[in-house]
Amino acid sequence: MLFNSAIFLVFGFVFFALWQWAKNDRNSRLILITLSSFLFYGWWDWRFLFLIIGSGLLDFFVGLSIEKYPNRRKLFLFVSIIGNIGSLAAFKYSGFIFENIDFLLHSYGYNTNLKAGIPDFMLITPVGISFYTFQSMSYTIDIYRNELKPTRNIMQFFAYLSMFPQLVAGPIVRARDLLPQLLKKPQTTEQDRYDGLKLIVHGYFKKMVLADNLAPIVNQAFVHENMSNSTLYWWLVITAFAFQIYFDFSGYSDIARGLAKWMGLNFNLNFNHPYTSLSLREFWTRWHISLSTWFKDYVYIPLGGSKGKKWKGDVNMWITMLVSGLWHGANWTFVIWGAIHAFFLNVERRFRWTKVLLKNSVTRVLLLLLIMVQVWVAWVFFRADDIHQALFIVGKMFSFNTDFYTPLNFGDFILIAVGIMREIWIYHKIDRNKFYSEKWKFLVDVALMVLFIVLIVFLRGSGNEFIYFQF
Amino acid sequence: MKFNYKYERTLFVAILAIVTFVVVIILRPYPDEYKHNYTKFWLKKTINTKKYDVVIIGDSRVYRGLSPKVLSDSLGGLSVLNFGYSSARLNKFMFSQAEKRLDKESDNKIIIIGVTPNSLIASSNENDHYLEFSNMPREEQMEVLYFYDFLKLFAPIRKKDFKQTKQSNKPIYVQEFEPNGWIASNKIPEDTTEAFDSYTKFFSANKVSNEMIREFYLQTKLWVEKGIRVYAFRFPTSEGMKNIEDSLSGFNEELLLEEFVNAGGKWLNLNANYYHSYDGSHLDKHSAIILSQKVSLCLLRK
C-alpha cells in the first residue's frame, strides 16, 4: 500500500478510528498495530508476508535463546545473521550473484546460465526487505551485546518489526528505542497532533508536488541520454535528481514520523537538510541518519572504526561504504556509488581540506558547492541503469562545453529552483528566525500548511512509487 | 482574535483549506472531456452485459460506419449493438465475445460481419483495443463510470488545461460517441488520401491469413446451425483504398463470398459509390447513416 494512494486514506482513517479504542489496552494496541501492518504490507503481495513473519519468528526465538543459553550466544547470533542475510541474498541478490558468476564462468569458456535457474518469485525483490531485515537483525545483535533485554511478548516484537509507518522505507528504528514505547500507554497532546499533521503535510508536499514533478525531467533525460550534450543540461538534470530523491525519501520519512506522532510514538529524525553540509562527513550525519548510524554501529565500529592506524580506519570506512552501496541495490552502479563516497571521504579525512574553506562566508559557499559536486557525481551512478550510462553522463558533465541548449522548459527550471530554495535558502533563513519575526510565525505556519495542502491536491505529479521502496 | 490555542490552530488550517479548495474548484481550468468520454464509451461498450438481437462485428471502419439506432428503427425495434473495435480481427476470440452479447432467447438472432482485409490478417497485437478495456482494473472502471464528475474537481491542474481555447493548426477530429457502439465521425478539413500510405506499407508486409478465412467459414457454419442468421459484406471505403487492398493484401472477395454463402451465410452487395470517406478509410457520419439504412433494407429483403 502506498502512502500516496486513495486506499491508504481509507486504511489510515479506519486505523486511527480503531486506535482511539485500542490504544489504552496494551494487547489490543499491539494486535491492532501488527494486524494493520500485515494488511498494509500484504496489500502489495500477501505471499511475502511469510518472509517477514519467518524472519521475525527467527529473531524473536533467537533473542530468547541468547538470553537463556548465554554460553551459546555466538551460535544463536550466527543463526540469526545467516537467516537474515540469507533471505536478503536469496530475494534481493540471487539474480545479481548468479549473473556475475555466469559472467566469470563465461570468461573462462564455460557456457553457463545459472541465473535462468532461479525461480521467478525469487527475482521479485520484496518491498522494504532491506529495511525490516536490518531492523530485525539489530534486535538480536543488541541482545547479544547485552544492550537490550529480549521481549517475551511476540505481539510486541511483531508490532516493532512490522510497524506500518516505517515498514517499507524506514526510518530504521532500533528495538531499544521502540520496544519500550510500545508498552507505554500512548499520550498525545494537541501539540503532538498538530506537529504530526505538519510533518505529514510537509511529507506529502515533498513527495507528491516536488519529487513527483521533478521525476519526469530525470526520467526523460535517462531514457533519452543522447537528447543533449550540454554540460549545463546534465548538471541541471542531476540537480533535479538530487532533489527528487531527497524529497521523495525525506517526504516518506516525514509522513512516517507524523503518523507515529499521532500514535504517541517517536521516530528519530532521518534527514536533516543534507545539502547544507560543509563536508562529506557532515553529509553522512544528515542523510538517511537511521541507516548511516546502523552501518556505523553494526559494521564500522565492529570492524574497528577509526581506532588504531589511520589506514585501518580508511579500510573500515571503505568496507562500510561499499556494503552500504550494495545494500541499496543489486547492481555494480550502487557499489560504485558507495566507492565514490568512500573515495571523497578518504580524501577529506587525509587532507582535511574542507577546514581550509570554512574561514569566511564566500569560501563557505564555495565549500557547499564543492560538497554538492561530489554528491552529485555519486548520484549519477545511483540513478544510472548501468556503468556505461553513468560514465557517459559524467563525461558530459565534465566536458564543460558551451552548448547551452537544454530540452527543459520554464516550469522545470522553476521546480529545480524551488527545490534549491526550499532546502537551502529558506532553511537557513527560517531555522535561524531571520525570515520573519515570532509574531508572524503562527500565521505563516498556518498559511504554509494550507498552501501545501492545496498544492498537494492540485499540483501533484504523476503519482510514482517511492524510490526507496525498491531497496 | 487570537489563535494561540493549539486546537484552534488545527481547526483554522482545516477551515482555510476547505475555503481555498472551494475557490480553486470554482476558478480552476478543467481538462478536456474528450479523453474521459472516449474511455467511458469504450468501457461501457466492453463490459456491458446487456444482450442484443443484432450484433455487428468488425474493425474501426465498422464502429464508425454503422449506426445501431438507424438499423434498429428500420428493423422494427430490434436491439442492435455495434461491437466493432480498432484493428479487431475476425477470429475465434472476437467471434465468441460477439456471441456472448447475443440474446439467446431472441427469435431474430443476427450477426452482421463487416469484412475488411485488415480484419483478416493475423497479428501479434490483435484485439488489443478490446483487451485494453476488458482488462482495466476494477477500481479504474469504477472511477471512469461513477466517480469521474467528483474526482475531476480534484484532478491535478496542468499547463495544457489553460491552452484549450488556443487555436490549433491540426485537423479537428469530430467524434460523437453514440449509444450502442457507434462513433459518428468527421474530420475538418478532411484529407481523403490520408490513410493510403500507412495501409500501403502495412499490406506490403502483411497478407490476409488463409487460416483466419477458414475460421470465418467454420464459425459461420456453426452459427447458422445454432439458428443465428449471419450476414456479411465488404465494408465500403474509398475507391483508392479498395484498389490498395485488392492489389496488395491478398484479399479475394469473390472467393470469400462463395465459400461464405456455402457455409450458410448471406452476403450483402452494397454499392460503394454512395459513400464518402473523410480520410480514405473510414466513412463520415452522413455516409454511415446511409449505409445503415441500406444494410437494414438488405436485411429486410433477405
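The contact between the chains takes 16 residues from chain A and 17 residues from chain B, where contact means C-beta atoms, placed from the backbone, within 7 Å. This is a predicted model: local features need pLDDT of at least 70, side-chain atom pairs count only at pLDDT 80 or more, and totals for chains, interfaces and linings use all residues. Residues are numbered from 1 along each chain as its sequence is written, and chains are lettered from A and ligands numbered from 1 in the order in which they are written.

On the side of chain A that touches chain B, helix H8 (190–223) and helix H18 (438–458) of chain A each give two or more residues. Helices here are DSSP runs (H or I, at least four residues), numbered from the N terminus. H18(A) gives the most to this side, with eight residues. By class, the side of chain A that touches chain B holds eleven nonpolar, two polar and three charged residues. Ala, Val, Leu, Ile, Met, Phe, Trp, Tyr, Cys and Pro count as nonpolar, Asp, Glu, Lys and Arg as charged, and the others, Gly among them, as polar.

B:Val13 sits in helix H1 (residues 6–27) of chain B. B:Val13 touches A:Val446, A:Met449 and A:Val450, leaving aside residues up to four places away in sequence. B:Val13 is buried, with 22 other C-beta atoms within 10 Å. Buried means 20 or more such atoms, exposed 12 or fewer, and partly exposed in between. The C-alpha atoms of B:Val13 and B:Leu255 are separated by 75 Å, and the two residues are 242 apart along the chain.

Both chains are divided into domains, with bounds from an automatic or database domain assignment.

| Chain | Domain 1 | Domain 2 |
|---|---|---|
| Chain A | 6–186 | 191–470 |
| Chain B | 1–30 | 51–126 + 161–301 |

In chain A, the C-alpha centres of domain 1 and domain 2 lie 26 Å apart. For domain 1 and domain 2 of chain B, the C-alpha centres lie 55 Å apart.

Within chain A, 23 residues of domain 1 are in contact with 24 residues of domain 2. Helix H1 (6–22), helix H4 (73–107) and helix H5 (129–144) of chain A each supply at least two residues of the domain 1 side. That side of domain 1 has 14 nonpolar, eight polar and one charged residues.

The largest nonpolar core has 117 residues, of which A:Tyr160, A:Leu214, A:Val237 and A:Phe381 touch the most other members. Such a core is a set of buried Ala, Val, Leu, Ile, Met, Phe, Trp, Tyr and Cys residues joined through C-beta atoms within 7 Å. Helix H9 (residues 231–262) of chain A gives the largest share of this core, 18 residues. Domain 1 (6–186) and domain 2 (191–470) of chain A both give residues to this core, so it lies between them. Apart from it lies another core, of 47 residues, including B:Ala98, B:Val115, B:Tyr130 and B:Tyr275.

H9(A) packs on helix H16 (residues 387–397) of chain A at an angle of about 120°, with the axes 7 Å apart. H9(A) is therefore oblique to H16(A). Axes are lines fitted to C-alpha atoms over the stretch in contact, and angles run from 0 to 180 degrees between N-to-C directions. Angles under 35 degrees count as roughly parallel, over 145 as roughly antiparallel, 65 to 115 as roughly perpendicular and the rest as oblique. A:Thr231, A:Trp234, A:Trp235 and A:Ile238 in H9(A) meet A:Ile393, A:Lys396 and A:Met397 in H16(A).

Technical notes: Contact = placed C-beta atoms within 7 Å.
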